[in-house]
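Have the viewer open and follow along.

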Amino acid sequence: AAAGRESSFGMAKVLTAFTAARNARAQARAEALLQLVQGLVRSCLDGVADGGGVLDAVRLGCERKGYAAEEYDPVVRAEWEAHKNEQQILKRLGFPGGKGVCVDLKGLRVSGMSALYYAAVSGNTSIADRLLERYGGVDGGCEQLELSWQDKLGYSVLHFLAGANPSTPFTTSLLRKILRACPSSLLALGTFDQESGFGCEPGGRTPLHCAVLGDNTDAVKMLLEAKADPTAKDLCSSTPEDAYLCYVAAKSSKYKSLGTTDLAAAVRKDGVLSLLPKGSLPGWLGGNGGAEDWKKLMVGKRNADQIETKGRIRKRHAAEVKANVSEIKGRVSKPSNPYKIVIVPGAGGEVHAMRANWYSWLAKELVRLGLRCEMPWDNMPEPSKCRERIWKRYIVEKMIDESPSESCILVGHSTGADAILRVSEDLKVHGLVICSSGQLAESLRDEMTEEESKDIGYYDRPWNWARIKANTRWIVHFHAEDDDVVPVDEGRRIHKALQTEYTELEDGGHLLMPEFPALLRSILGKLQAEAS
């Protein structure tokens, strides 16, 4: 989770450097390099607007210390991005050059986060302390600091700090300062239901839930002193103590030989639960069963929580899809443009295309501007398998439908991009926008048998590049240098074959972002150029 948060503000490559350190010597070298780069960037180069000469100077400093380019370059670039973010927010807040003045913080976003949340997840004590000093004691300070701001998982800055590594002094100190300026109502703020590859996690968890589950005794003490409710229940009716017994204590070999009653008693004697008021034995744990009994009960409780949470998530997703469909379909009745823009998503599995990545965002922006838009309102057929013959037929018959294909602009992502390229071998279209198109990385292809690969199609035969070029007026093309699903060499190969209008992003992964302004600008730019 920490790695995911850090990658959102440009530190992914730094973390990769740490992950690659397989032994203590390599780890120490990586840490020394990071400290060196941070020192050069933050101490010597504050306030520099143009990074060209600065980056050269930092790289030279790394070389003089004996580091190779492949070691220092990703770290230098990532740290410079973090430095620019910090300078941007401090400038917006009026800090550089003196005390500055109070400004309206609401709506200020750095890497998509509220100012204080950004400071917390980035470990930036400078910004956090200045924000709290400026706004912590003024009327409306809580609202200005946006202490109630939640990320897409429902975590506020209190949740993040409460569940953070208890050995990090910065998080403990910052949590203490925030609690002084925090109204008690925010202690009851709940997270959202979450779904990941590891299963479903129930929502409704308070900062105290996070502190207990994170074994953070300092955070638990501070939250209880601030009058956090130890009996608060998440959406699966678990108090912090219930959740700890089910999700933490049950995994520990320390308690593996104990029965149900002894388990609760033993766990309550030491560690984080010793700080909580003693409640009754959780109902799911039952009576005086043996060790095997409570393990079965624990598994049953987890399974029940998963089923209940998954049901809520499915209902929420269905409501989001319905809202997106009605908003996009209902906004424009008389398009101001003759073109029809068809958005074909990538492989989605269980995730409906109407709520994945940037697809519905793009559709809403297009219809807001008066353009016709077509999406897979009921999701793509075979969203996981994505067989070419099925998807091509669906695009032609259901999405292009009765519109003249020459008036259609096809936008495709990943497998969807491969599909629209195959469609344009047979049909004349107005234009193509392809994103992350190309053959999967070899490691991913190895997971499929030859028969499965042939059945899916797309890459089971040569491409007719000449026909595609002849059937399209223009092709706009996006790929990212760090794409780990479709290697960037695939994007370059397609660009060379089709002479596309190619944009290669330095740091975009598989282009799975929730918004894609550059793509929208490219479509509008094409239409405006043709109109003039």
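At what angle do helix H17 and helix H18 pack, and how far apart are their axes? In this predicted model, H17 (residues 388-400) and H18 (residues 415-426) meet at about 70°, with 10 Å between their axes. Angles of 65 to 115 degrees count as roughly perpendicular, so that is the label for this pair. On the H17 side, the contact is made by Glu388, Trp391, Lys392, Ile395, Val396 and Ile400. H18 answers with Thr415, Gly416, Ala419, Ile420, Arg422, Val423 and Asp426. Sorted by class, that contact has seven nonpolar, two polar and four charged residues.

Stay on H17 for a moment and pick out Arg393, which is found in this helix. Its relative accessibility is 43%, so Arg393 counts as partly exposed. Arg393 and Val423 are 30 residues apart in sequence, and their C-alpha atoms are 8.9 Å apart in space.

Next up is helix H12 (residues 217-225), where Ala219, Val220, Met222 and Leu223 are the buried residues. Viewed down the H12 axis, they fall within an arc of 165°, so they line one face of the helix. What covers them? The cover over the buried residues of H12 includes helices H9 (157-162), H10 (169-180) and H11 (207-213). Just after H12, check the backbone at Lys227, which takes a positive phi of about 75°.

Terms used
Residues numbered from 1 in each chain as written. Predicted model: local features only at pLDDT ≥ 70, side-chain atom pairs only at ≥ 80, totals over all residues. Heavy atoms only, no water. Axes fitted to C-alpha atoms, helices over the stretch in contact; angles between N-to-C directions. Helix = DSSP H or I, 4+ residues; strand = E, 2+ residues; numbered from the N terminus. Parallel < 35°, antiparallel > 145°, perpendicular 65-115°, else oblique. Contact = heavy atoms within 4.5 Å. Nonpolar A, V, L, I, M, F, W, Y, C, P; charged D, E, K, R; others polar. Buried < 20%, exposed > 50% of the residue type's maximum accessible area, 1.4 Å probe, protein only. Arc of directions from axis to C-beta.
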